[in-house]
Amino acid sequence: MFVYPRTFEVIVIGGGHAGVEAALAAARMGANTLMLAINIDTIGQMACNPAIGGLAKGHLAREIDALGGEMGINTDLCGLQFRMLNTRKGPSVRAPRAQCDKKAYQFRLKWVCERQSNLTLIQGQVVSVLTRDRMAYGVQTNLGVQYLGRTVVLTTGTFLRGLMHIGTEKSQGGRSGESAVTGLSDSLRSLGLQLGRLKTGTPPRLLRKSLDLNRLKEQPGDEPVPEFSYWRDELFHVEQLKSEKNGIKRYPEGSILAEIGGQLPCYLTETSPETKTLIEANLSLSPMYSGELTGTGPRYCPSIEDKVVRFNHKETHQIFLEPEGVKTDEFYMNGFSTCLPYELQIRLVRSIRGCENAEILRPAYAVEYDFVLPTQLNASLEISSCRNLFLAGQLNGTSGYEEAGAQGLMAGINAARRVQDRQPVVLGRDRAYIGVLIDDLVTKGTEEPYRMFTSRAEYRLLLRQDNADLRLSDLAFDIGLLSGERHERFARKRSAVEGEINRLRQTRNGAASLAQLLKRPEINYRQLPGQRTELSDSVVEQVETVLKYEGYIQRQEVEVNKFRKLENKRIPEATDYRTITGIRNEAREKFLKIRPETIGQASRISGISPADISLLMVYLKRGPGVVPDSSCAERD
């Protein structure tokens, strides 16, 4: 046994999207941080589709950026194609999406981690968490090396006892070409944690020269390019910014778009009736339908087999062919995940228009892996039963880079806060999609890979992708994740938005103020008399949204204020739910298992009724042993 000669304040296990955000956050907050990754070369690897954002996921990416994370600026630099989704709908459901250069994205994140002060990178596979008196104090690798630290953040992705499936062939691994993690699951079970089994999948990768893209519908990117990072201006020279304001297209210095001079297209095709017939005739060869694969798969990102079975009335299904980089001719088949045998994959792919002669560079596969039931976590992402041990990413039952990065950021923040002897940072459901994500996990749990949707957020009109900085950047500055320079830039933007809204309200044009004119659906800011041409597009966007949706926003703010009354009522950690008189056994068991931190969190636990919450509130007011009368629940 060898004990590494340095002790760290934060140890992060894993170098995926959760691990990168966790390690960078902790290090940037001043904590002496170690990242242990199975393979240092795959830090930031995009294991599935090299894309960031999309519906609700784009909101998460922008919130990570507003809080000082790296995902947004890495996307702006490594994106191949950018689009703003749902532009014909209201601002609450619009979201940016970018197709990224897979290797450029990975290499830049590795480079950022290597250069980050307070952060040490070491290659190693962790097999156990070291604990004493229900408190984590380090980890041990398969080489017998112990790394000691004050806090530990686990971000193991799909690697815990990972098992990959292609037809009847099985091999251990967390993703293609990389070994699984063994032993760590047993270590977590020894702490009393309950683990489950999930599944995810990925489609084949095709060689460009074998595709007939001329027969397919081309899907271009949007111009001007939608931004992921609020700090994107840092990537331009002053001359470039001036050119952009004059209508000349410019891209960030050092970005992929600047290198290639524009965006790459994606291509739209679809499966054929032959595809459907082949799948129906060979379902027994799919591990998902033969019983070989036991993990629960993602409901909202189904395999092509699932699509054929669940939507049997449809003869065809949409497929996007998307480039994986500028220095590779590899194409991603978005919408065609499968784990059918390789020889069948060839026939299936070649039944699709434009892919009749396609060559598969990498076959599709499914991977099943262990995860920790997230109801065992606190809202800080710390394990309830083991102090100083934080979990983030797919280990908590989520899917997607953005969900992982968001959790990693918060786990890194709270691990650093623990070292600093400060209270954890917990974002409410009314403040961020990140808050919705974590609250859903710790109160409701999940039995399938959790994916974020705008419909999950009650206050989505307040939680728009365009105002994440206005919601979160003050907090980022206060906790030490946002530099003074960036915060000053943000403060100038906020001041410009508030100043222009006030000016429009006070300036009249005939019988109406300019603010009233702007509320008309057919008028935008650039059409107003006396508009200020020097205002940036981001400021104009905020001014328009706030004024056009003012009534709706005010109503939602009233709802938030009511919600906060419950959310701010904390439940003492030592509450003995066994002594609450009159409460249902189901509610008692769930309270004991999840141990909610607030009344609001308790009310969102699956199966908890308003009567259960009323009895809990009576108990907290009056103490144990008090039996409320029949009208007590209504009064309280």
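Q: What is the handedness of the crossing of H2 and H14?
A: In this predicted model, H2 and H14 cross in a right-handed sense. A crossing is called right-handed if the near helix is turned clockwise from the far one by less than a right angle.

Q: Which residues make the contact between H2 and H14?
A: H2 brings Arg 62, Glu 63 and Ala 66. H14 brings Ala 468, Asp 469, Arg 471, Leu 472, Ser 473 and Ala 476. They count as contact residues because heavy atoms lie within 4.5 Å. The residues of this contact split into four nonpolar, one polar and four charged.

Q: How is the packing of helix H2 and helix H14 described in numbers?
A: Two packed helices are described by the angle between their axes and by the distance between those axes. For helix H2 (residues 57–66) and helix H14 (residues 468–478), the angle is about 35° and the axes are 8 Å apart.

Q: What makes the disulfide count what it is?
A: A disulfide needs two cysteine sulfur atoms within 2.5 Å. By this rule the count is zero. Take Cys 113: the nearest cysteine sulfur belongs to Cys 78 and is 13 Å away, and Cys 113 is in no disulfide.

Q: Why is Cys 113 called buried?
A: Buried means under 20% relative accessible area. Cys 113 has 0% relative accessibility, so Cys 113 counts as buried. Cys 386 is also at 0%, and therefore counts as buried.

Q: Why do the side chains of Asp 370 and Arg 161 count as a salt bridge?
A: The cut-off is 4 Å between a side-chain nitrogen of Lys or Arg and a carboxyl oxygen of Asp or Glu. For Asp 370 and Arg 161, the N to O distance is 2.7 Å. The pair therefore passes.

Q: What makes Glu 324 and Arg 205 a salt bridge?
A: Their side chains meet at 3.1 Å, N to O. The limit is 4 Å, so the pair qualifies. Glu 324 sits in the loop between strand S17 (318–323) and strand S18 (330–334), and Arg 205 in strand S14 (residues 205–207), so the pair ties together parts that are 119 residues apart in sequence. Both Glu 324 and Arg 205 are buried.

Q: How do you know that Asp 612 and Arg 584 meet in a salt bridge?
A: The N to O distance is 2.5 Å. That falls within 4 Å, so the salt bridge is counted. The pair links distant parts of the chain, 28 residues apart: Asp 612 is in helix H21 (residues 610–622), and Arg 584 is in the loop between helix H18 (550–567) and helix H19 (585–594). Asp 612 is buried because its relative accessibility is 2%. Arg 584, with a relative accessible area of 33%, is partly exposed.

Q: Which residues do salt bridges that share partners join into one network?
A: The network is made of Arg 429, Asp 439, Asp 440, Lys 444, Glu 458, Glu 567 and Arg 604. The structure holds 46 salt bridges.

Q: Which peptide bond is cis, from Glu 223 to what residue?
A: The bond runs from Glu 223 to Pro 224 and has omega near -5°. Pro 224 is in the loop between strand S15 (217–219) and helix H6 (238–245).

Q: Where is Asp 133 found, and is Asp 133 buried or exposed?
A: Asp 133 is in the loop between strand S8 (126–131) and strand S9 (136–141). Its relative accessibility is 72%, so Asp 133 counts as exposed. The cut-off for exposed is over 50%. Asp 133 has a positive phi of about 55°, although it is not a glycine.

Q: Why is Ser 399 called buried?
A: Its relative accessible area is 14%. That is under 20%, so Ser 399 is buried. Ser 399 lies in the loop between strand S21 (389–391) and helix H12 (401–419). Leaving aside residues up to four places away in sequence, Ser 399 touches Lys 57, Gln 394, Pro 449, Tyr 450 and Arg 451.

Conventions:
Residues are numbered from 1 along each chain as its sequence is written. This is a predicted model: local features need pLDDT of at least 70, side-chain atom pairs count only at pLDDT 80 or more; totals for chains, interfaces and linings use all residues. Side-chain values use heavy atoms; hydrogens and water are left out. Buried means under 20% relative accessible area, exposed over 50%, partly exposed in between (1.4 Å probe, protein chains only). Axes are lines fitted to C-alpha atoms, for helices over the stretch in contact, and angles run from 0 to 180 degrees between N-to-C directions. Helices (H or I, at least four residues) and strands (E, at least two) are DSSP runs, numbered from the N terminus. Ala, Val, Leu, Ile, Met, Phe, Trp, Tyr, Cys and Pro count as nonpolar, Asp, Glu, Lys and Arg as charged, and the others, Gly among them, as polar.
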